[in-house]
Each structure stands twice: as structure tokens, then as C-alpha cells.
Amino acid sequence: MTDLARQKKANELFERYEGNPILTPQIWPYAANAVMNPAAIRLDGETLLLVRVEDMRGFSHLTVARSKNGFTDWQIDKEPTMLADHSSQEERWGLEDPRIIWLEEQKQYAITYTSFSEGGPLVSLAITKNFRTFARLGGLLPPEDKDACLFPRRINGRFAMIHRPIVRGEAHMWMSFSPDLKHWGDHRLLIMTRHAYWDCHRVGLACQPVETEHGWLLFYHGVRSTTAGAIYRMGLALLDLHDPWKVLRRGDEWILGPREMYERVGDVGGVVFPTGVTTDMDKDLLHIYYGAADCTVAVATAKFSEVIDYILSCPEAMG
Ligand code: BMA
């Protein structure tokens with residue numbers, strides 16, 4: 001496939017839902033400035049979103065919204081589902097940008113989210129069975145760190161997590177390992193920013209990793225800083241199924257970026273920030289849930305098989 005043919009394919013992979021944005025502060029059951037960056041899973045025949053809600057002080061918490069078809073008729077919890085403990089050092093300034101994965105061994109959901117701690121943004125972990133009560137397991141690695149998600153099971157005997165620390169002002173994606181979900185080590189660089197590309201200034205995990213026969217599908221966000229501000233877009237990579245710190249493929253181009261008004265205009269315009277993915281294999285469909293312009297939640301769909309075809313047509317990752 002030529003570069004131009006692949007760019008065309010990348011550009012046409014996702015279709016935005018015509019009813020976007022699907023969640024807005026206006027329909028929220030209580031006062032909210034913005035709703036954005038939701039984790040997404042399918043649970044009991046419904047799509048469950050754990051939405052980041054920014055209150056009128058500028059602090060965030062997490063609230064559950066459920067829908068049978070994943071597009072309409074959202075049942076939103078009447079009150080915040082998971083509030084920050086503002087008196088604690090860890091959660092001093094709120095909870096942001098969750099990702100959810102089903103942990104097979106624990107038979108529970110693991111939620112990784114950013115705690116805005118006194119020392120800066122920190123990756124924290126909570127587990128739950130029902131999205132009503134949560135066991136908070138605390139901060140996992142020191143700040144500044146964001147955009148984390150666990151893998152659903154141990155890899156070669158250890159839990160694995162993708163996260164995005166800031167080191168020397170650089171923002172690359174890392175993978176770390178743990179025997180017990182508490183002590184983390186064996187830190188490895190996974191995906192780096194690429195000079196001059198759309199993802200030249202920052203990269204970070206977007207959605208939870210999706211297991212396929214070809215490897216782990218990895219949606220990530222990339223940032224380019226421009227004179228008019230940062231542009232947040234989504235790209236794709238494929239990790240080795242057995243050794244996921246090995247990147248098999250990485251797309252050259254982004255596959256979803258700000259285009260519609262609700263993505264271009266908001267509290268932070270020019271932001272498409274995906275944080276959750278659900279799959280419907282019977283329909284060969286993949287739903288990506290994302291924050292649009294740090295104000296609302298939107299959804300886009302793609303054919304699963306076309307996403308796989310696309311990533312397999314991308315260049316083999318270097319190094
Ligand atoms: C990132 C995160 C996201 C936010 C994005 C765009 O650093 O803080 O929560 O959506 O910036 O402002």
C-alpha cells in the first residue's frame with residue numbers, strides 16, 4: 001500500500017455518531033462545568049461510562065453513565081459516583097481521566113485514574129465489582145504521571161501497566177511491571193514522541209488495550225504544540241501479544257483528530273481525547289469514547305476488521 005492510500009484509509013476509518021456530543025454538562029443531573037474523558041466498558045448488556053466531571057470550582061470527580069445501545073438514553077448517577085477525598089494528600093485537587101479493565105484474576109474491575117495530588121498528577125488504582133463501592137489501593141508511582149491502564153491478566157507472571165511519566169520535560173509512554181499491583185519496577189520505554197510528526201510533543205495511552213489474535217491494539221493520543229495551542233489526536237499501535245513491551249507496528253498518521261465544532265471549540269479547543277473503547281464482535285464494531293474540547297463526551301465507531309487491516313498495513317515499528 002502506498003503512503004497516500006494508507007493516509008486515506010486512516011482518515012476514513014472512524015465515523016462520528018451523528019448525535020454527538022452524547023453527554024454534555026447541560027443534561028447533567030447536577031451542576032457541572034464540563035464532562036469529558038470517560039472510561040468505557042460493556043457490563044450487563046449496557047455500555048458503562050465512568051465520566052470525568054469538572055465541578056464549578058475546577059476540580060474533577062468521576063460519575064457513572066449507562067446506556068443500552070452506547071449512544072442514547074443515558075442513565076446518569078444522580079450524584080457523583082466517586083468523589084475525591086480533598087482532605088487527603090493523594091486526592092487533594094480531584095480525580096481525572098479514568099481507564100477501566102476487567103482483571104481476570106481478581107474477578108473485579110481495575111480503574112486507573114489520575115489523582116491530582118499535592119505533589120502533582122499521580123496514577124492511582126481502585127478496584128470495584130459494581131461501580132457503587134470502590135476499594136482505593138492508592139498511588140502507584142510518584143508524580144508526574146498520567147494516562148495509565150493495566151493489562152487484564154499477568155504477563156509472564158507479573159501485572160503490567162502502561163503509563164506516561166514526564167521526565168526531563170519529555171512525555172513518552174512507559175510500561176512497568178508488578179508482582180502484586182502495589183510494587184512497580186522493570187520500567188521500560190514503550191512509545192516515544194516523534195520529531196516533526198503530529199505526535200511530536202507528547203504521547204499517552206488513550207483507551208484500555210484491546211486483545212486481538214495479532215497483538216494488543218493500542219490507541220494512544222499524540223500532541224503537537226502550535227502557535228495557536230496544542231492539538232490532541234488519536235493514533236494506533238500494535239504490541240506483541242506475549243511480550244507487550246515490543247511494539248510491532250505504529251501508524252504514521254493519526255486516525256481521529258479535531259474536525260467538528262464540538263471538537264474545535266470548548267474550554268480547551270482542538271482536543272480529541274479518547275479514554276475508552278468497547279467492542280461488538282458480532283457486528284464487527286468498535287466504539288471509541290472521547291472527550292471533545294475538554295467539555296463534552298462524543299463517540300465514534302469503526303469496523304474492527306478495518307482497524308486491524310490498517311494497523312497491519314503500517315510500517316514495522318523501529319527498535
Ligand atoms: C491532558 C489531560 C486531559 C485533557 C488534555 C487536554 O494533559 O489533562 O485531561 O483533556 O490535557 O486539555
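Helices (H or I, at least four residues) and strands (E, at least two) are DSSP runs, numbered from the N terminus. This is a predicted model, in which local features need pLDDT of at least 70 and side-chain atom pairs count only at pLDDT 80 or more, while totals for chains, interfaces and linings use all residues. Residues are numbered from 1 along each chain as its sequence is written, and side-chain values use heavy atoms, with hydrogens and water left out.

**Stop 1: the ligand**

Select the ligand and its shell. Around it are N37, R52, D97, K146, Y232, V268, V271, F273 and D294. A residue is near a molecule if one of its heavy atoms lies within 4 Å of it. By class, the shell holds four nonpolar, one polar and four charged residues. Here Ala, Val, Leu, Ile, Met, Phe, Trp, Tyr, Cys and Pro count as nonpolar, Asp, Glu, Lys and Arg as charged, and the others, Gly among them, as polar.

Now show distances to the ligand's oxygen atoms. For R52, the distance from a side-chain N or O atom to a ligand oxygen is 2.7 Å. For K146 the corresponding distance is 3.2 Å. How much of the ligand's accessible area does the protein cover? The protein covers 84% of the 310 Å² that the ligand has on its own. Accessible areas come from the Shrake-Rupley method with a 1.4 Å probe; for residues, only the protein chains shown count as cover.

**Stop 2: N37**

Stay with the shell and pick N37. N37 sits in strand β2. Its phi is near 40°, a positive value in a residue other than glycine. Most residues other than glycine have a negative phi, and most peptide bonds are trans. N37 counts as buried, at 2% relative accessibility. Buried means under 20% relative accessible area, exposed over 50%, partly exposed in between (1.4 Å probe, protein chains only).

**Stop 3: D284**

Select D284, in the loop between β20 (272-280) and β21 (285-292). Phi of D284 is near 55°, again positive in a residue other than glycine. D284 counts as partly exposed, at 22% relative accessibility.

**Stop 4: two cis bonds**

Go to the peptide bond from N20 to P21. This bond is cis, with omega near -5°. P21 lies in the loop between β1 (15-16) and β2 (34-43). Next, select P143 and E144, which are joined by a cis peptide bond with omega about 0°. E144 is in the loop between β9 (135-141) and β10.

**Stop 5: D147**

Move to D147 in strand β10 (residues 145-150). D147 is buried, with a relative accessible area of 3%. Which side chain does D147 join through a polar contact of 3.1 Å? The partner is R99. A polar contact is a pair of N or O atoms within 3.5 Å; within protein, one must be able to donate a hydrogen and the other to accept it, and residues adjacent in sequence count only if both atoms are side-chain atoms.

**Stop 6: K246**

Select K246, in the loop between β18 (229-239) and β19 (247-250). K246 counts as partly exposed, at 43% relative accessibility. Draw a line from its C-alpha to that of A317: 8.9 Å, across 71 residues of chain.

**Stop 7: helix α3**

Finish on helix α3 (residues 304-312), whose buried residues are F304, V307, I308, Y310 and I311. They lie on the same side of α3 because they cover an arc of only 160° around the axis. The arc is that of the directions from the helix axis to the C-beta atoms.
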